[in-house]
Amino acid sequence: MAPHPPPSVPPATYVPPEPPQDYYYALTTSSTLRCVTNCTANTPGTINCNHGLCHVTRAGPQCFCWDESLYWYTDSQCSGRVSKVATGLGVVIAVLLIACIVFVVLLAKRRKYWRR
């Protein structure tokens, strides 16, 4: 039975979404036949999601990264992660360091001016 269109889509123009069946394949081992995907561990073509989990979606196997509130990930397989907290602290420290350098330079110029 075909799925019904959402109320906002006219029935004549509705194309139901494709199920993710295209992303499953048969894998034969020594005595078994298994239905697997690229998200199945220890199979040829397994996607390594590093700091995340692999799920088969309608768009295919995808990695969903852990702790996205704490880290930025540099690729779609959750391998390169950058701490948001460390980045924020680094920016604050850099701004304070620049402010201190500017303050010391201005203070040195002011002392030099008063010694004339």
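In which loop does Asn42 lie? In this predicted model, Asn42 is found in the loop between β2 (33–36) and β3. The residue is exposed, with a relative accessible area of 78%. Its backbone has a positive phi of about 60 degrees, although Asn42 is not a glycine. Most residues other than glycine have a negative phi. A positive value also occurs at Cys78, where phi is near 55 degrees. Cys78 belongs to the loop between β5 (71–73) and β6 (81–83). Whereas Asn42 is exposed, Cys78 is buried, with a relative accessible area of 0%.

Of the 116 residues in the protein, 11% are buried. The accessible surface amounts to about 9400 Å², and carbon and sulfur atoms account for 64% of that area. Among contacts between residues at least 6 apart in sequence, 21% join residues at least 24 apart.

Strand β3 comprises residues 52–57 and includes Thr57. The side chain of Thr57 reaches the backbone oxygen of Gly60 at 2.9 Å. When residues up to four places away in sequence are not counted, Thr57 touches Pro20, Tyr23, Gln62 and Phe64.

The structure holds one aromatic pair. This pair is formed by Tyr71 and Tyr73, with a distance of 6.4 Å centre to centre and an angle of 55 degrees between the planes.

A nonpolar patch on the surface is formed by Leu70, Val85, Leu89 and Ile93, which together have about 380 Å² of accessible area. Among these residues, Ile93 lies in helix α1, which spans residues 84–114. Ile93 has a relative accessible area of 56% and is therefore exposed, the cut-off for that class being over 50%.

Technical notes
Residues numbered from 1 in each chain as written. Predicted model: local features only at pLDDT ≥ 70, side-chain atom pairs only at ≥ 80, totals over all residues. Heavy atoms only, no water. Helix = DSSP H or I, 4+ residues; strand = E, 2+ residues; numbered from the N terminus. Polar contact = N/O pair within 3.5 Å; in protein donor to acceptor, adjacent residues only side chain to side chain. Contact = heavy atoms within 4.5 Å. Patch = residues over 30% accessible without salt bridge, like charges linked within 9 Å, V, L, I, M, F, W, Y side chains within 5 Å. Areas by Shrake-Rupley, 256 points an atom, 1.4 Å probe, with all protein chains shown as cover. Salt bridge = Lys/Arg side-chain N within 4 Å of Asp/Glu carboxyl O. Buried < 20%, exposed > 50% of the residue type's maximum accessible area, 1.4 Å probe, protein only. Phe/Tyr/Trp six-rings, centres within 6.5 Å; stacked < 30°, edge-to-face > 60°.
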